[in-house]
Amino acid sequence: MENNGSKLSQDEIDALLKGGSNDDIEPDTILSAMEQDAIGEIGNISFGSSATALSTLLNQKVEITTPTVSVIQKSKLNEEFPHPYVAIEVNYTEGFSASNLLVIQQTDAAVIADLMMGGDGTNADPSLSEIHLSAVQEAMNQMMGSAATSMSTVFNKKIDISPPRVELLDVKEGEGTDRIPAEEMLVKVSFRLTIGELIDSNIMQLYPITFAKDLIAELTVPANEEEPVQEAQVSTPEPEPAAPQAQSAPAQQAAPQKRQAKPKQAAPVNVAPVEFEAFSEPQHTTNQLGNLDMLMDIPLSITVELGRTQRSVKEVLELSAGSIIELDKLAGEPVDILVNKRIVAKGEVVVIDENFGVRVTDILSQSERLSNLK
């Protein structure tokens with residue numbers, strides 16, 4: 001390609017743009033450092049509550065931390081996501097008008113699905129069936145619902161989402177790519193995801209640059225619209241002049257105007273050191289004990305659980321008289337004692353005359369009982 005002059009032709013400009021090195025896009029060229037920090041903080045707050053919701057569902061310790069913000073091109077997604085993934089599309093129905101995509105590795109999704117279905121997650125099958133994808137969808141629904149609630153607090157307005165849609169994502173094979181936002185420039189927020197000792201990976205969030213700018217604008221609007229402090233509120237009022245013995249008519253007319261323009265003096269503020277009340281052992285009065293007695297006749301349901309197991313619908317339908325169902329507890333192992341379906345103690349089965357009974361061997365601590373109530 002020849003260039004006869006000092007200026008580039010339109011064809012040369014197009015060729016340079018197409019052939020230029022755009023593989024590595026610096027976020028600073030599109031999002032400033034402050035904007036990246038704002039996006040990361042929004043994700044940190046919203047997904048922090050999502051981790052709590054997912055932990056309750058999976059009965060595992062879940063942590064979603066360390067957000068990393070970057071800007072990527074849609075045409076380079078095959079480099080960003082070289083392995084099979086699971087994509088969860090979430091649309092905002094109130095508060096914002098946008099959609100974003102959650103992306104997790106397919107092996108991580110298999111572990112989540114196995115835990116949702118009562119497994120231990122150690123031998124999860126990475127080939128996800130429809131029922132496994134439904135389990136992942138329910139987990140992501142709880143996560144994003146909790147995230148939307150946290151965002152409502154951050155932005156001080158109601159934010160709601162539609163039920164998420166889950167699909168397998170294989171960029172190289174073109175599978176599931178229709179769920180990716182149509183814009184060329186996308187924001188990727190990558191979080192570290194740990195679930196017990198089963199998963200130590202990443203969960204990524206993809207959404208358009210325009211949505212990222214909307215989030216940042218929503219955060220900065222309240223700060224820009226704050227009313228400035230008036231000088232009259234911080235200035236020191238001038239002392240009253242002494243009343244003259246005689247005053248001319250023009251001065252008498254100007255005096256009321258001067259008093260009206262004078263700022264009001266702020267009321268004095270009484271500042272005193274804080275005094276904390278001393279704590280002592282609680283003393284139960286007669287009225288308090290009487291109020292507690294009102295609860296004594298409330299009936300509670302006490303259940304002794306020998307064990308549990310999980311069977312498919314097919315296996316349940318095949319049960320007949322004489323079938324043996326193996327439970328998840330060993331012979332002689334302590335059984336659970338539940339009050340209103342909440343475990344409070346453990347015990348051993350005994351026989352009293354011709355009836356079964358249970359001898360309490362261990363009572364859960366107060367902190368353990370409180371955690372079971374959550």
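Two strands are said to pair if DSSP finds at least two bridges between them, and the strands themselves (E, at least two residues), like helices (H or I, at least four), are DSSP runs numbered from the N terminus. This is a predicted model, in which local features need pLDDT of at least 70, side-chain atom pairs count only at pLDDT 80 or more, and totals for chains, interfaces and linings use all residues. Residues are numbered from 1 along each chain as its sequence is written, and side-chain values use heavy atoms, with hydrogens and water left out.

**Confidence**
- The protein chain has an average pLDDT (the predictor's confidence in each residue, from 0 to 100) of 75, and 71% of its residues score at least 70.
- Residues 1–6 have a pLDDT below 50, and beyond near neighbours in sequence this stretch makes five contacts in the model, where contact means heavy atoms within 4.5 Å.

- Strand β2 covers residues 85–94, and because seven of its ten residues are buried, it is largely enclosed by the rest of the structure; buried means under 20% relative accessible area, exposed over 50%, and partly exposed in between (1.4 Å probe, protein chains only).

**Partners of β2**
- With strand β3 (residues 99–105), β2 pairs in the antiparallel sense over seven bridges, and Ala87 stands opposite Val103 in β3.
- Four residues lie between the strands in the hairpin of β2 and β3, where Gly95 takes a positive phi near 95°.
- Strand β5 (residues 165–169) pairs with β2 in the antiparallel sense over five bridges, and Leu169 in β5 is the bridge partner of Tyr85.
- Strand β4 (residues 160–161) also pairs with β2 in the antiparallel sense, over two bridges, and Ile161 in β4 is the bridge partner of Tyr92.
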